[in-house]
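Reader: I'm new to this one. Could you walk me through how to read it?

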Amino acid sequence: SGLLNRFGCAAYALAMVGDRIDTYFGMACNAGAFGVLVLSGETTLEVADAAPKQPHLICDSIEVLGELIAQSHKE
C-alpha cells in the first residue's frame, strides 16, 4: 500500500510480473493487481493450466511482455 500511495495508483492499475505462479501470482491476487506469468523461469504452461487461480496474462518471456506493452501504446 505504501507504493500505491507513493505513486497515487489503484491496485488494479498495477501489474505484478513473475515466473512462479504460487508466489508472484498469489501476491498479485492478494493485492488486487493484474497478474502476469512469464514462462521463462520456474513455472511451465502445464503447471499454470492446472492452477486453481489463473493469471490474467501468460507470456513466454519478459521480452514478449515488453513487446505487447509497446504494441498497446501504438494503437
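This is a predicted model: local features need pLDDT of at least 70, side-chain atom pairs count only at pLDDT 80 or more; totals for chains, interfaces and linings use all residues.

Reader: Okay, so is Ser 61 buried or exposed?

Author: Ser 61 has 18% relative accessibility, so it counts as buried.

Reader: Where does Ser 61 lie, and which residues is Ser 61 in contact with, leaving aside its neighbours within four places in sequence?

Author: You'll find Ser 61 in the loop between E3 and H4. With those sequence neighbours set aside, Ser 61 touches Val 38 and Ser 40.

Reader: Now the sheet. How do I read the order of its strands?

Author: In general, strands of a sheet pair through backbone hydrogen bonds, either parallel or antiparallel. Here you have an open sheet of 3 strands in the order E1-E2-E3, and the pairing is parallel. Strand E1 (15–18) and strand E3 (57–59) each have a single partner strand, so they stand at the edges with one side left without a neighbour in the sheet. From one strand to the next, the twist averages 20°.

Reader: How many bridges link E1 and E2?

Author: E1 pairs with strand E2 (residues 34–38) over 4 bridges, in the parallel sense. For a spot to look at, find Met 16, which stands opposite Gly 35 in E2.

Reader: And which strands do the helices H2 and H4 touch?

Author: Helix H2 (residues 21–31) packs on the sheet against E1 and E2, and its direction makes about 175° with that of E1. Helix H4 (residues 62–74) packs on the sheet too, touching E1, E2 and E3, with its direction at about 120° to that of E3.

Terms used:
Residues are numbered from 1 along each chain as its sequence is written. Side-chain values use heavy atoms; hydrogens and water are left out. Two strands pair if DSSP finds at least two bridges between them. Helices (H or I, at least four residues) and strands (E, at least two) are DSSP runs, numbered from the N terminus. Axes are lines fitted to C-alpha atoms, for helices over the stretch in contact, and angles run from 0 to 180 degrees between N-to-C directions. Contact means heavy atoms within 4.5 Å. Buried means under 20% relative accessible area, exposed over 50%, partly exposed in between (1.4 Å probe, protein chains only).
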